[in-house]
Amino acid sequence: MEIKKIGIVGQGALGVMYGNYLKKRMGNENVFFIADEGRVNRYRSADMVCNGEACGFSYRSPAEAVTADLIIFAVKFMGMESALETVKPFVGEHTLFLSVLNGISSEEMIEKAYGADHVLYACVQGMDAGKDGNEVTYKNMGYITIGNKDRSHDEKLKAVTELFDRTVLAYKVPDDILREQWNKLMLNTGVNQVTAVYGAPYSLIQKEGEARTMMIEAMREVLRVADTQDIDLTEADIDYWLELLATLNPEGHTSMCQDVLAGRPTEVDLFAGTMLKIAKKEGFSLPVNTFLYEKLKELEGAPD
C-alpha cells in the first residue's frame, strides 16, 4: 500500500515538528491534525508556529473525517485514551498506526483498540524540539526508530519506510525495536524524572552528586525490570546514555522538568508507574522509582 493521507493527533513539540515537515512535502490536503471539535476550533483560531514560521495546518474533527492511511499519535500519555476514541471515524480497513510517545505502553493500547496487525512500534531519538505556547523550536529532528515487535519486515513496515524515503524523513529499522524502546525508557526514567523532581537543567546530572547517583540508580532498576521481560539491557547501555547526556546543553531542560515548572501533569505513570506495576507483578520493589513516583505525584498536586 502507498500512504497518501496522514492524520496526526497531538500538537505537542513532536506532533508539530513532524506535521510541519510532512505537510511541506505532501500538502495540506494529505496531512492534517485530528482533534475533537472544541480543540479544532481553538487550533484554527491560533495556528502553530514552527521555527518562526506559521504552519498553516489543516484540522479535522470527527464530523469532518476522511479515512487516513496512517495515523500518528503524538499526544501525552494521559491523553492517549481519548485520542484513541477521537480517531475512530478516520480509521479504515487498512489504516496503519504509529505512536511517537515515550515508553512501552501506547502500542499495546492501540493494538487493543484497533488490532495488532495495524500497529508499528517506534521511538524517537536525537530530537531537541521544545514548545512554548503555540511556538515550537528545534535544531535537530533526530530520527524515528521503527519496526515490528516480532522483528518481521512485512508490508506495513515497508509502507511506512517507503513514506519516510519519499519524504526524506530520517529513520532506522533496528534488529529489535522492543529493546530500543526499553533502552529509551531507561534513559527517560532516570534523567526526566530526576531533573523534574529537582526542577533543574541538565547541568545537575552532568556532574557527580546526589541527583546523578539517583538517576543512575533509577536506570539500574529499569535494567532489573527489563530482565524479567526478556529485554537485554546492560550497564553498557547506561554508560552510553551518560556519555550522550554529557554532550547536551547544560542549561536545557527535559520535557518532564518543563511540565513540572509549568504546573502541568507529568508522564510519571509512563515511566516509574510502568516499572512499579511490572516489579509488583514480579514480586520485588524499586525503592528509587517509588520515591520518584511519589515525589512527582506530590509536585503534580502542589498549588501554584
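This is a predicted model: local features need pLDDT of at least 70, side-chain atom pairs count only at pLDDT 80 or more; totals for chains, interfaces and linings use all residues.

**Entry 1: the four-stranded sheet.** I looked up the strand order first. Four strands form an open sheet, ordered β4-β3-β10-β9, with mixed pairing. At the edges I found β4 (53–54) and β9 (130–132), each pairing on one side only. I then checked β3 (residues 49–50) against β4: the two run antiparallel and are joined by two bridges. Val49 has Ala54 of β4 as its bridge partner.

**Entry 2: the eight-stranded sheet.** Here the order reads β5-β2-β1-β6-β7-β8-β11-β12. This sheet is open too, and its pairing is mixed. The edge strands are β5 (58–60) and β12 (171–172). Each has a single partner strand, so one side of each is left without a neighbour in the sheet.

Entry 3: I went on to β1 (residues 6–9) and its side chains. Ile6 and Ile8 point one way, Gly7 and Val9 the other. Are these residues buried or exposed? All of them are buried. β1 runs parallel to β2 (residues 31–34), and three bridges join the two. I looked up one partner: Ile6 bridges to Val31 in β2.

**Entry 4: β7 and β8.** β7 (residues 91–99) pairs with β8 (residues 119–125) in the parallel sense, over two bridges. Leu98 has Leu120 of β8 as its bridge partner. Next I asked what packs here. Helix α6 (residues 177–198) packs on the sheet and touches β8 and β11 (143–147). The direction of α6 makes about 40 degrees with that of β8.

**Entry 5: α6 against α11.** I followed α6 to helix α11 (residues 287–301). The two pack at an angle of about 45 degrees, and their axes are 10 Å apart. An angle under 35 degrees would count as roughly parallel, and 65 to 115 as roughly perpendicular. α6 and α11 are therefore oblique to each other. Their crossing is left-handed.

Which residues of α6 and α11 make the contact? From α6 I list Thr189, Gln193, Val194, Ala196 and Val197. From α11 I list Asn289, Leu292, Lys295, Leu296 and Leu299. By class, the contact has six nonpolar, three polar and one charged residues.

Key: Residues are numbered from 1 along each chain as its sequence is written. Side-chain values use heavy atoms; hydrogens and water are left out. Two strands pair if DSSP finds at least two bridges between them. Contact means heavy atoms within 4.5 Å. Axes are lines fitted to C-alpha atoms, for helices over the stretch in contact, and angles run from 0 to 180 degrees between N-to-C directions. Angles under 35 degrees count as roughly parallel, over 145 as roughly antiparallel, 65 to 115 as roughly perpendicular and the rest as oblique. A crossing is left-handed if the near helix is turned anticlockwise from the far one by less than a right angle, and right-handed if clockwise. Ala, Val, Leu, Ile, Met, Phe, Trp, Tyr, Cys and Pro count as nonpolar, Asp, Glu, Lys and Arg as charged, and the others, Gly among them, as polar. Buried means under 20% relative accessible area, exposed over 50%, partly exposed in between (1.4 Å probe, protein chains only).
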